[in-house]
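Hi everyone, thanks for making time for this. I'd like to walk you through one chain today, so let me put it up on the screen.

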Amino acid sequence: GAINGIKQLYSQVFREGDDVLDICSSWISHFPDSNVVRLGKVTGLGMNAAELERNAALTDYDVKDLNKEAAFPYANESFDIAVNAVSVDYLTKPRDVFKEIHRVLRPGGLAVMTFSNRCFPTKVIGRWLRTTDDEHVRMVATYFEHCGAKYETIRGFQLQTSGGWDPLYAVMANKVSSSTDNETCESNL
């Protein structure tokens, strides 16, 4: 299902030694096994300390409600990859969060947002409930495009999942490689 789809995507984009930030992290991160790829530092940023403590993939974590304050407690250019699994639809300040993702990514770093058609209707942003899956992909892409930071190669797509009945989507983008590259966002949507 969806969990294996996320794991498979991560196994394709993670590189040996990558420092990873898991945004809206919880008790599990859906990362590939360490025999597939050995990561460097894996930091969780989430709302529940007890759940973060149980997450075996994390080397460290910080507790924070990004809907109250979007600022991340990390230095500039601290991570190679930032991921968010099935929680982007709960962010009430997505542009602020995506600008923070950009700030903490190293040049060329990758941001990966995954989501499905499932959610807690009482917790997601209202617009999410009024839009289709394809519109969700476009919406998340606009977070990259309009956050006030420079991303390139923004791409969104549906992931293959076992059984085919569990729709799963990803939107990914790279931080520009240098401050002089791409004055505007480059999107493949």
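Before anything else, a word on pairing: two strands pair if DSSP finds at least two bridges between them. The strands themselves, like the helices, are DSSP runs numbered from the N terminus, with at least two residues of type E for a strand and at least four of type H or I for a helix. Please keep in mind that this is a predicted model, where local features need pLDDT of at least 70, side-chain atom pairs count only at pLDDT 80 or more, and totals for chains, interfaces and linings use all residues. Residues are numbered from 1 along each chain as its sequence is written, and side-chain values use heavy atoms, with hydrogens and water left out.

Let's start with the overall layout. The chain has five helices and seven strands, and along the sequence they follow the pattern α-β-β-α-β-β-α-β-α-α-β-β. Buried here means under 20% relative accessible area, exposed means over 50%, and partly exposed is in between, with a 1.4 Å probe and protein chains only. By that count, 49% of the 189 residues are buried.

Now the sheet. In what order do the seven strands of the open sheet lie? The order is β3-β2-β1-β4-β5-β7-β6, and the pairing is mixed. β3 (60-63) and β6 (151-159) are at the edges with a single partner strand each, so one side of each has no neighbour in the sheet. On average, neighbouring strands are turned by 15 degrees against each other, direction ignored. For such angles, axes are lines fitted to C-alpha atoms, for helices over the stretch in contact, and angles run from 0 to 180 degrees between N-to-C directions.

Let me zoom in on β1. Four bridges join β1 to β2, and the two run parallel; in that pairing, D22 stands opposite G44 in β2. β1 also runs parallel to β4, with three bridges between them, and here L21 stands opposite A82 in β4. As a reminder, side chains in a regular strand alternate between the two faces of the sheet. In β1 both faces are covered: V20 and D22 on one side, L21 and I23 on the other, are all buried.

Further along, β5 (residues 105-116) and β7 (residues 168-175) pair in the antiparallel sense over seven bridges. There, L110 stands opposite N174 in β7.

Which helices pack on this sheet? One of them is α3 (residues 94-104), which touches β1, β4, β5, β6 and β7 and makes about 140 degrees with the direction of β5. Contact, by the way, means heavy atoms within 4.5 Å. In α3, the buried residues are P94, V97, F98, E100, I101, H102 and V104, and they pack against β1, β4, β5, α5, β6 and β7.

Helix α5 (residues 133-145) packs on the sheet as well, touching β5, β6 and β7, with its direction at about 15 degrees to that of β7. Among the buried residues of α5 are H136, V137, Y143 and F144.

On to the rings. Rings of Phe, Tyr and Trp (its six-membered ring) pair if their centres lie within 6.5 Å; planes under 30 degrees apart count as stacked, over 60 as edge-to-face, and the rest as tilted. The structure holds nine aromatic pairs. One of them is F14 with F31, edge-to-face at 5.2 Å centre to centre and 90 degrees between the planes. This pair links distant parts of the chain, 17 residues apart: F14 is in the loop between α1 and β1, F31 in the loop between β1 and β2. F14 is buried because its relative accessibility is 5%, and F31 is buried at 9%. Elsewhere, F98, Y143, F144 and Y151 form one aromatic cluster.

Last stop: is L39 buried or partly exposed? L39 counts as partly exposed because its relative accessibility is 22%. L39 sits in the loop between β1 and β2, and beyond its neighbours within four places in sequence, its contacts include F14, D18 and F31. The C-alpha atoms of L39 and D18 are 5.0 Å apart, although the two are 21 residues apart in sequence.
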